[in-house]
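Me: I have a protein model open and would like to go through it step by step. Could we begin with the overall picture and then look at some details?

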Amino acid sequence: NVKLDNKLKNRQFKKESTDKKHRKEQKKLRAAIKDAVLKTPLPLERYKKRPGVCKDEEEEEFVESLPMDMMEEDDLEQIKAMAQKASFLTRDLSSSGPVHAKKRKGEQQGPESYEKMPRKMQLTEEKEVIHLLPIKDKIRGLIPQSMEKPEDEAVPGPALTPQEQLKLRTQKLTNRKLRIASLGSDILSDPTTNIKKLKELRAMLMETDPYVAVTVRKLVMVSLMEVFKDIVPSYRIRPLTETEKASKVKKETQQLREFEEGLVSQYKFYLENLEQTVKDWKQKKRKRSEAVSLQSYRGLAEVAIRCICELLVALPHFNFHNNIIVTVVPLMNDPVKRVSDMCCEAVKKLLKQDKQGHASLGTVKVISGLVKSRNYDVRPELLKVLLCLRIKEVEVKKDTDDTAPKKKFMNYKDKKKNLSRMQRKWKKAEEKLEKELLEAEASESKDKKLKLHTETLNIVFLIYFRILKKAQKSILLPSVLEGLAKFAHLINLEFFDDLLNVLQHLIQSGDLTYRESLHCIQTAFNILSGQGDVLNIDPLNFYSHLYKTLLKLNAGASNDDISIVLRCLDVMLTKRRKQVTLQRALAFVKRLSTLSLHTLPNATVGILASNRTLMHTFPKCDILLDNEAQGSGVFLPELDEPEYCNPQNTALWELHTLKRHYHPVVRRFATHLCAGAPSEGSGALIVQLARSVIDQSRECVSTAPEANGGELYTTPANAWHCAW
């Protein structure tokens, strides 16, 4: 009802306002018609004669009221003639003659004709003028005078040859370099006093000489970056409050405040200039000045990005670091590979050297927002950066502070009851000292660090789980599975069931590559080997999948997957030896031995080392070194179930083949396993074999034919497999 009443009132108000406007318009029309009916125009002013004053006296009074001492005779006569008219307008309104009557040829034109002269539009470009003294005319009065300002026209010199242009550019560039070096040296020698020269150096970022503009701007960018890295203090500068600004301080303190304020201001302007340079390159904008061509923007932008990345790594504690992160992280997804690689390397360095966790948390937040805003359409390198996070422990429970032992102090009653007066005095001093020591300890910073790491890891898992839920077929899935494999032991226990179901579904779907499936298996067993050991879950499907896909391992040059296989075997068999049956262990030892015949020597050494570990973990595996069969059945190598392939009825004949391998280290390792892999002196043997591989890596092709990839197996990067 209230709404209906309001609508009715609004309609009535609109109708009344419309009627009011209509009445006003009608009134104006009637007034205009009434004015048009009048035939004779009335004067604007009427002069009534005062009673008892004649015409001559009135004229004398008017003349006496004028300033006679400052007028000439001609001006006085003209003013007297105009005074007899009704007003000082262009026509005599009191006369009844026609308004636009033509004048005779001999009649002089007065100010009225001058006002009616048409003005011409000025089409030419305005020029600077100089105002001169005016000229006085009897008819037109004061006439202003002006003249154009003379321009200093440069005399065109002879055109320079390319050699002369190069010489001129070299000379200008040398002068600029000397100026940059001088300013930088002065600032570094005494930053507190010469902080104003920082502004002068920053002003050279706007170099306009087209001969040296690009080079000078690049040099100034890099010079300012090095200067800031040197003079920036090891703490964050906060703005002063109004009370602090109003208070009187010492001269040294005031000088330090001015230095800090100037430093923060110039650092901010410098970062804004770098960011604007990158934006101009991205948006292909051309500046008003033609000092820098459009083709040179990319070179300037790359130098600016390099400077931003250096500051990101070198000054994580200083002001505007979060702004730098917001600038660098989107560039990690840049289509230009050089730019994206530069930014990814900078972020990796930042995460590796971040000990507290503030920079890592800010970076992960920006990456999460970028991945979500781009709808998971980003480069995989963006997520691979997260593998560099230095997170080893997090807060598992919220009440860790309550369960931690706390220092207990005696109350006043206990002291008075059990201690003497002197003992109470000493006890009081001792407790005060202990409190100060507790405050000085790093326990508070450690708790803060754990809190930051926990928050960071929660955001990382949020990114991973979103991709597993909404973008399982994207190119980000391998990076997600690799990240989960690394941080799986830190996942909250509540997500274990759901995550294992997702991983099992991904493996059974058949859409994953070999490497992705290995990451799924590694993630699942990392979960089960950590907090998930309390769960009653039988990961038989994961064992079967790994056993089935072992023979699909790439045996060529790109055999990096062998490292993931060895980690999976360590987690699945060695660390879970109490949950693994002997049949399963025997099946894996046999299949690994078969696999070692097809891989490169570096991978073969790693597989044999894994077999040696399994033989020590499960001592009954030595039955594979004997020709006699154990039990009934025949070994079924084509069966994909390790529990039912009867591995106890076969032997490791592959070791005798490897004893005739072309690589000497493989031959020695195979001989060691044929002897039963004795544990006595085994550590020295492993180290000796690893050194042999590294020493022989310098011989390259000389010890192996090219058909077997001899020039690839001997690289030091692959020799680490032997230490496994």
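This is a predicted model: local features need pLDDT of at least 70, side-chain atom pairs count only at pLDDT 80 or more; totals for chains, interfaces and linings use all residues.

Me: How many helices and strands does the protein have, then?
Reply: The secondary structure comes to 29 helices and 2 strands.

Me: And what share of the residues counts as buried?
Reply: Of the 724 residues, 36% count as buried.

Me: Among contacts between residues at least 6 apart in sequence, what percentage joins residues at least 24 apart?
Reply: The figure is 69%.

Me: Which residues does Met221 contact, leaving aside its neighbours within four places in sequence?
Reply: Met221 is in contact with Leu205, Tyr270, Leu274, Thr277, Leu300, Val303, Ala304 and Cys307.

Me: At what angle do α7 and α10 cross?
Reply: Helix α7, residues 213-231, crosses α10 at roughly 0 degrees, and their axes come within 10 Å. Angles under 35 degrees count as roughly parallel, and α7 and α10 are therefore roughly parallel to each other.

Me: Which residues make that contact between α7 and α10?
Reply: From α7 they are Val214, Arg217, Lys218, Met221, Val222, Met225 and Lys229. From α10 they are Gly299, Leu300, Val303, Ala304, Cys307, Glu310, Leu311 and Ala314. Sorted by class, the contact of α7 with α10 has 10 nonpolar, 1 polar and 4 charged residues.

Me: What separates the C-alpha atoms of Leu311 and Phe228?
Reply: Those C-alpha atoms are separated by 8.6 Å, while the two residues are 83 residues apart along the chain.

Me: Moving on to α9 and α11, at what angle do they pack?
Reply: Helix α9, residues 251-283, packs against α11 at an angle of about 20 degrees, with the axes 11 Å apart. That makes α9 roughly parallel to α11. The crossing of these two helices, α9 and α11, is left-handed. Tyr267, Leu271, Glu275, Val278 and Lys282 of α9 make the contact with Ile324, Thr327 and Leu331 of α11. By class, these residues divide into 5 nonpolar, 1 polar and 2 charged.

Me: Where is Phe320 placed?
Reply: Phe320 is in the loop between α10 and α11, the latter covering 321-331. Phe320 has a positive phi of about 65 degrees although it is not a glycine. In general, most residues other than glycine have a negative phi. Phe320 is partly exposed, with a relative accessible area of 23%.

Me: What is the phi of Asn375?
Reply: Asn375 has a positive phi of about 60 degrees, and it is not a glycine. Its place is in the loop between α13 (358-373) and α14 (381-384). Asn375 is exposed, because its relative accessible area is 60% and exposed means over 50%.

Me: One more pair of helices, please. How do α22 and α24 pack?
Reply: Helix α22 (residues 540-549) and helix α24 (residues 582-596) pack at an angle of about 20 degrees, with axes 11 Å apart. These helices, α22 and α24, are therefore roughly parallel to each other, and their crossing is left-handed. The contact involves Leu540, Tyr543, Leu546, Tyr547 and Lys548 of α22, together with Arg584, Ala587, Phe588 and Arg591 of α24. In this contact of α22 with α24 there are 6 nonpolar, no polar and 3 charged residues.

Me: Lastly, in which helix does Thr613 lie?
Reply: Thr613 lies in helix α25, residues 601-617. With a relative accessible area of 26%, Thr613 is partly exposed. Thr613 and Thr574 are 39 residues apart in sequence and 7.8 Å apart in space, C-alpha to C-alpha.

Technical notes:
Residues are numbered from 1 along each chain as its sequence is written. Side-chain values use heavy atoms; hydrogens and water are left out. Axes are lines fitted to C-alpha atoms, for helices over the stretch in contact, and angles run from 0 to 180 degrees between N-to-C directions. Helices (H or I, at least four residues) and strands (E, at least two) are DSSP runs, numbered from the N terminus. Angles under 35 degrees count as roughly parallel, over 145 as roughly antiparallel, 65 to 115 as roughly perpendicular and the rest as oblique. A crossing is left-handed if the near helix is turned anticlockwise from the far one by less than a right angle, and right-handed if clockwise. Contact means heavy atoms within 4.5 Å. Ala, Val, Leu, Ile, Met, Phe, Trp, Tyr, Cys and Pro count as nonpolar, Asp, Glu, Lys and Arg as charged, and the others, Gly among them, as polar. Buried means under 20% relative accessible area, exposed over 50%, partly exposed in between (1.4 Å probe, protein chains only).
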